[in-house]
Amino acid sequence: MRKTNTLSQDRERFNGNFTQQEPIPDAGIQRAVEVLQSGRLHRYNVVEGEKSDTALLETEFAEYQGARFCLACASGGYAMQVALSSFGLEYGEPVLTNAFTLSPVPGAVHNVGGKPVLVETTEQLVIDLVDLERKIESSGSRVLLLSHMRGHIADMDHLCDLLDQKGVSLIEDCAHTMGASWSGRLSGSFGVAACFSSQTYKHINSGEGGFVTTDDPDLMARAIIRSGSYMLYEHHDAAPEPAAFSDIRFDNPNCSGRMDNLRAAILRPQLKILGGNRERWNERYHTLEQALGVIKGVTLPIRPKAEVYVGSSIQFLLKEMTAEQIQMVISTCRERGVELKWFGASEPAGYTSSHDSWRYIDNQSLPATDRILSKLLDMRIPLTFSLEDCRLISRIIDQCITASAPENSPDAG
Ligand SMILES: *Cc1c(COP(=O)(O)O)cnc(C)c1O
């Protein structure tokens with residue numbers, strides 16, 4: 001399975017796989033086999049006195065986040081939907097969110113009847129607070145679904161001050177910031193609720209899965225009923241007292257989206273190694289950041305001191321390049337085994353699409369985001385890559401950029 005990086009004539013090639021994650025820890029595999037042998041995969045299928053792995057995981061994740069309550073559910077997208085509807089979003093209400101994000105975010109808003117109001121992006125790839133203030137005023141929205149897209153955390157002190165001033169509630173999308181923090185405070189602890197994903201390409205891996213955390217007992221009681229607890233909510237430990245459900249259980253529709261014990265079994269040991277894995281991701285990130293940062297024409301986002309991130313992907317701008325030159329960089333890199341994603345591509349591809357491909361929402365003018373995304377490249381950093389792999393990848397990117405922007409081209413900077 002391990003690749004060898006070949007040096008064919010003058011051209012190095014990377015033979016690793018950008019979508020290859022690490023195996024599930026042995027303890028998780030072992031526990032998963034026990035769950036399979038028990039046949040009790042459904043979270044409420046417990047024998048007398050038994051706690052399900054799903055309920056245990058919820059308690060452990062709530063503790064990890066320092067949140068009072070946690071619901072484990074079917075996906076990160078589901079987590080955002082159930083958080084928004086349990087917040088009390090009304091049909092047709094405007095919801096502020098990032099223009100630069102992945103499609104499950106506007107999708108979640110739309111699916112619960114909200115109208116996404118997209119907010120511009122800065123060159124540091126975070127939400128633009130000036131545009132946010134403008135759009136709070138023009139939309140009258142009372143909630144921001146903030147996507148910490150690709151792990152970049154906005155200035156949370158200023159952001160929270162602004163939202164407080166304007167009476168806007170915050171729901172965080174922490175799909176790329178599980179394990180990250182701002183000024184010593186964990187991402188996901190700033191708003192009324194936070195949403196996480198345990199889909200394969202995030203920071204813990206159960207194939208699919210998600211979490212909602214909150215300190216608000218009513219929001220959590222609604223989320224539990226909506227997630228499909230039937231009247232079995234007392235099986236939840238990271239949950240409010242049964243009294244919190246007395247009316248809520250009659251007023252909230254079941255929108256089945258539970259997590260099962262098999263996924264919970266493989267996630268529990270991964271939560272324990274998340275901190276160590278953050279360090280391993282960041283070693284790789286720093287290796288790439290250093291090597292890419294010295295290439296002429298490459299601009300990397302500046303990471304603020306207050307931000308502790310999880311470097312599971314890296315982004316850079318090729319500001320001086322034309323669309324044709326960027327396309328050339330991507331295709332020559334791909335020939336040599338390096339997979340770059342381009343947010344500015346005219347056609348959505350793979351996991352990447354931009355706001356103009358979300359035709360189910362109102363068309364919105366976002367000139368700053370468009371300008372930035374047109375120059376923005378993105379690369380995954382799986383933990384299966386070694387530091388040497390990161391150095392090789394950087395050399396290939398360097399050579400492809402240099403070859404695509406010849407010194408005397410009028411467009412090269
Ligand atoms: C992956 C992702 C989600 C949620 O993803 P699921 O695949 O539904 O678990 C949410 N937001 C962002 C920014 C993501 O990348």
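**Pockets in a predicted model**

Author: In the largest pocket, α3 is the top contributor to the lining, with 3 residues. Helices here are DSSP runs of H or I with at least four residues, strands are E runs of at least two, and both are numbered from the N terminus. This is a predicted model: local features need pLDDT of at least 70, side-chain atom pairs need 80 or more, and totals for chains, interfaces and linings use all residues. Residues are numbered from 1 along each chain, and side-chain values use heavy atoms, without hydrogens and water.

Reader: Which elements supply at least two lining residues there?

Author: α3 (76-87) and α4 (104-111).

Reader: What counts as a pocket?

Author: On a 1 Å grid over the protein atoms alone, a pocket is an open set of points with protein on both sides within 12 Å along at least five of seven lines. Lining residues have an atom within 4 Å of a point.

Reader: Which residues lie nearest the centre of the largest pocket?

Author: Leu102, His176, Gln199, Tyr201 and Lys202, out of 31 lining residues.

Reader: Where does the largest pocket lie relative to the domains?

Author: Between domain 1 (26-272) and domain 2 (275-408), because both give residues to its lining. The bounds come from an automatic or database domain assignment.

Reader: Switching topic. What volume does the second largest pocket have?

Author: About 290 Å³. A volume is the space filled by probe spheres set on the grid points, which are joined across faces, edges and corners. The probe is 1.4 Å.
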